[in-house]
Amino acid sequence: MRLVPGSPGEMVEKDDLVYPRARLIDRRHLRTLGLLEKWKRLFKKKHPWFRRRGYPHFDSATNYAAAQRIVTSPNQVASHSFYPFISFQVKTVKVKRNRSTGKVEKQIPKERPIAYASHVDSHIFAYYAFKLSKNYERIILQNSLQSCVIAFRALGKSNIQFAADAFNEIKKRGDCHVLCLDIKGFFDNLDHQILKSAWCETLVLPKLPNDHYAVFKALTRYSVVDRADLYELIGKSVHNFSSQSERLCAPDEFRNLIRKNKLIKTNSSKKGIPQGSPISALLSNIYMLNFDKKVKEFAELVGGCYLRYCDDMFLIVPLEQKEHAFKFVEQEIAKIGLEFQGKKTERVNFNMKNGELIADKPLQYLGFVFDGTQVLLRSASLARYSERMRRGVRLAKATMRKRNRARASRGEANQPLYKKKIFQRYTHLGRQNFLSYGYRAAKLMGSKSIKRQLGRLWVRVLEEMKN
């Protein structure tokens, strides 16, 4: 709690922090004044690299002042001992409608490794990402790439707007060919030597300074501990994952328990960085810098347009340049040790016929489908939502039945199904769910087709609740 004299409502800068002027600064007082959110925004704007992370790890959470002392000292960073990342697998259950039977079928789950750093390590990664991003943005502006690289940058746009911009560009051009390419195992296949060279190029230095090199090593020769194995060893349940930033073990326990039981696995490959650190996204953009420059130059030379959203590439070229364009990007991506996923490669021709734009097949990009005349949500996204909704409603009904049995044993009357959470999670009445996202997309893209798709989902929710 901090005492700051002055009249309420004004903002004051004190000890390198921004506070509302009030006699008593605490959460309740700020909430009463209606300034808590304003204080958070101002603090984030002044210190964009600092964020508290509410998860347990090998160290304890630290405040801004302590974190700042570490991250702003190159000597401390250069000699810092980074803890292993804690890793787990995110399983994405994909569903697809079988065209021959018309039934929705589950596909083989896709596993994606996620690793999260300790609290102090995260602050170091975030601070160096903040420093590097300034240099990166300068290079982006110098090479006129600001409209080409659209992921992991503060552009104030969502993927809805990025998709809308791409489709509008196709409409504007009329006859054209579109290449949508997806990089295979993007973060897992970043070559360390190429990344190091790109990092030096971003800093405009012949070699990495000691502090930057320490961060580079922590991300390339990174070590991980599997969360399930770790929690089993220390006697915690992974199913009751805490959102508190507690310390999982003391330093001597880490040495004698975690390290001794050989839970730590080190990346011995010359490729790959962990997906999930505060700096990984920026480094992926830095890695692609020279590729972005060359493809953008090629697109301009042939009268085309180039966009890249992380590992999704979108290239519009004249119809007569389609084979040349595909060979060019394939050669350039091979030069940086990456390759495209054949299954996810989209090659679509657009032609103007009788004043109407027609695609030879629907184009899929950032979760949307465009056929030249209308924009739709992907059928796989709708099927996945329907499956998730059915599971959620069935769980709610099972909970209702269980509680009603308990009420009946006490001689109490049954209660109907609680609908509020169902409506919040699975209908347009909720603020942050698939349907609210879909209606926002329909509005931004002016798509009546998306509205029709979503209208049917409301009926499915009501039917599932009745069954």
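Reply: A nonpolar core is a set of buried Ala, Val, Leu, Ile, Met, Phe, Trp, Tyr and Cys residues joined through side-chain atoms within 4.5 Å. Buried here means under 20% relative accessible area. The model is predicted, and in it buried residues account for 45% of the 467 residues of the protein chain. In soluble globular proteins, nonpolar side chains tend to be buried together.

The largest nonpolar core of this chain has 69 residues, and W199, I279 and M288 are the ones that touch the most other members. Helix α5, residues 119-142, supplies the largest share of this core, with 11 residues.

Beyond its neighbours within four places in sequence, M288 is in contact with I183, F186, R308, M313, I333, I336 and L338.

Two packed helices are described by the angle between their axes and the distance between the axes. The partner is helix α8, residues 210-220; the two axes come within 11 Å and cross at roughly 120°. Angles of 65 to 115 degrees count as roughly perpendicular and those over 145 as roughly antiparallel, and α5 and α8 are therefore oblique to each other. Their crossing is left-handed. Where they meet, α5 contributes I124, F125, Y128, K131 and L132, while α8 contributes D211, H212, V215, A218 and L219.

Methods
Residues numbered from 1 in each chain as written. Predicted model: local features only at pLDDT ≥ 70, side-chain atom pairs only at ≥ 80, totals over all residues. Heavy atoms only, no water. Buried < 20%, exposed > 50% of the residue type's maximum accessible area, 1.4 Å probe, protein only. Helix = DSSP H or I, 4+ residues; strand = E, 2+ residues; numbered from the N terminus. Contact = heavy atoms within 4.5 Å. Axes fitted to C-alpha atoms, helices over the stretch in contact; angles between N-to-C directions. Parallel < 35°, antiparallel > 145°, perpendicular 65-115°, else oblique. Left-handed = near helix turned anticlockwise from the far one by under 90°.
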